[in-house]
Amino acid sequence: MRYIAPILIGLVYVLLMSLVREPHRRRLNAVMVAGAGAAYLSGGGLGGWEFAFTTVATYVAYRGLDSWTFIGVGWLMHTTWDIVHDIKGSPLIPFFLDSSFGCAICDPVIALWCFLGGVSVWRTDEFRKAVRSTS
């Protein structure tokens, strides 16, 4: 379940976000990845590096307002930060020790969807077209 639950959370995120119409979907996801980029600030597990990461993540999220690719990059950046925090033993949610590990699995699921253009999975024709164009 340690691996399955984060994947399911990522898939539920994609399903729910697919209900939001464009261009609001892209903008909302840019805001979400900005929030994820600042998620570790209050814990301060990596000291001043938390501010440096948040600064870069904010820039990437800002660029994501107009680009699904930047949003995907933001989620992969957050994945990397999750891994560092998991290794250091400074989890995202202090009372849930596997939280950073779970995020590191969940975030790439969301990033993959972003790299497909954040298309609605409910519009199967558009989703299939996006998947085919990447192969």
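Modeller: Start with overall size. For 135 residues, a compact globule would have a radius of gyration near 14 Å; the chain has 15 Å, which agrees. Keep in mind that this is a predicted model. The C-alpha trace spans about 45 × 35 × 25 Å along its principal axes.

Colleague: What does the secondary structure of the chain come to?

Modeller: There are 6 helices and 0 strands. Along the sequence the pattern reads α-α-α-α-α-α. Of the 135 residues, 41% count as buried. Take the contacts between residues at least 6 apart in sequence: 66% of them join residues at least 24 apart.

Colleague: Why is histidine 78 called buried?

Modeller: Its relative accessibility is 3%. Buried means under 20%. Histidine 78 therefore counts as buried.

Colleague: Where is histidine 78 placed, and what does histidine 78 touch?

Modeller: Histidine 78 sits in helix α4, residues 68-88. Residues up to four places away in sequence are not counted here. Histidine 78 then touches Ala36, Gly37, Ala39, Tyr40, Phe53, Cys103 and Asp107.

Colleague: Why are α2 and α4 called roughly parallel?

Modeller: Two packed helices are described by the angle between their axes and the distance between the axes. Helix α2, residues 24-37, packs against α4 at about 20°, with the axes 10 Å apart. Angles under 35 degrees count as roughly parallel. So α2 and α4 are roughly parallel to each other. The crossing of α2 past α4 is left-handed.

Colleague: Which residues make the contact of α2 and α4?

Modeller: From α2 come Arg25, Arg26, Asn29, Ala30, Met32, Val33, Ala36 and Gly37. From α4 come Trp68, Ile71, Gly74, Trp75 and His78. By class, the contact of α2 with α4 divides into 7 nonpolar, 4 polar and 2 charged residues.

Colleague: Now α3 and α4. Why are they called roughly antiparallel?

Modeller: Their axes come within 8 Å and cross at roughly 160°. Over 145 degrees counts as roughly antiparallel. Therefore α3 and α4 are roughly antiparallel to each other. The crossing of α3 past α4 is left-handed.

Colleague: Which residues of α3 and α4 meet?

Modeller: On the α3 side they are Trp49, Glu50, Phe53, Val56, Ala57, Val60, Arg63 and Gly64. On the α4 side they are Phe70, Ile71, Val73, Gly74, Met77, His78, Trp81 and His85. The contact of α3 with α4 has 10 nonpolar, 4 polar and 2 charged residues.

Colleague: What makes glutamate 50 count as buried?

Modeller: The value for glutamate 50 is 2% relative accessibility. The cut-off for buried is under 20%. So glutamate 50 counts as buried. Glutamate 50 lies in helix α3, residues 49-64. Leave aside its neighbours within four places in sequence. Glutamate 50 is then in contact with Tyr40, Leu41, Gly44, Gly45, Trp81 and His85. Its C-alpha is 9.4 Å from that of alanine 39, 11 residues apart along the chain.

Colleague: How do α1 and α5 cross, and at what angle?

Modeller: The axes of α1 and α5 come within 8 Å and cross at roughly 35°. The crossing of α1 past α5 is right-handed. On the α1 side the contact uses Pro6, Ile7, Ile9, Gly10, Leu11, Tyr13, Val14 and Met17. On the α5 side the contact uses Gly102, Ile105, Cys106, Val109, Ile110 and Trp113. By class, the contact of α1 with α5 has 12 nonpolar, 2 polar and no charged residues.

Colleague: How do you know that valine 119 counts as buried?

Modeller: The relative accessibility of valine 119 is 15%. Buried means under 20%. Valine 119 therefore counts as buried. Valine 119 lies in the loop between α5 (99-115) and α6 (124-134). With neighbours within four places in sequence left aside, valine 119 is in contact with Ser18, Arg25, Trp113, Glu126, Phe127 and Ala130. Valine 119 and isoleucine 71 are 48 residues apart in sequence and 13 Å apart in space, C-alpha to C-alpha.

Colleague: Which residues does the cis peptide bond join?

Modeller: The cis peptide bond joins glutamate 22 and proline 23, with omega about 0°. Proline 23 is in the loop between α1 (4-17) and α2.

Note on methods
Residues numbered from 1 in each chain as written. Predicted model: local features only at pLDDT ≥ 70, side-chain atom pairs only at ≥ 80, totals over all residues. Heavy atoms only, no water. Helix = DSSP H or I, 4+ residues; strand = E, 2+ residues; numbered from the N terminus. Buried < 20%, exposed > 50% of the residue type's maximum accessible area, 1.4 Å probe, protein only. Contact = heavy atoms within 4.5 Å. Axes fitted to C-alpha atoms, helices over the stretch in contact; angles between N-to-C directions. Parallel < 35°, antiparallel > 145°, perpendicular 65-115°, else oblique. Left-handed = near helix turned anticlockwise from the far one by under 90°. Nonpolar A, V, L, I, M, F, W, Y, C, P; charged D, E, K, R; others polar. Rg over C-alpha atoms; globule rule 2.2 N^0.38 Å.
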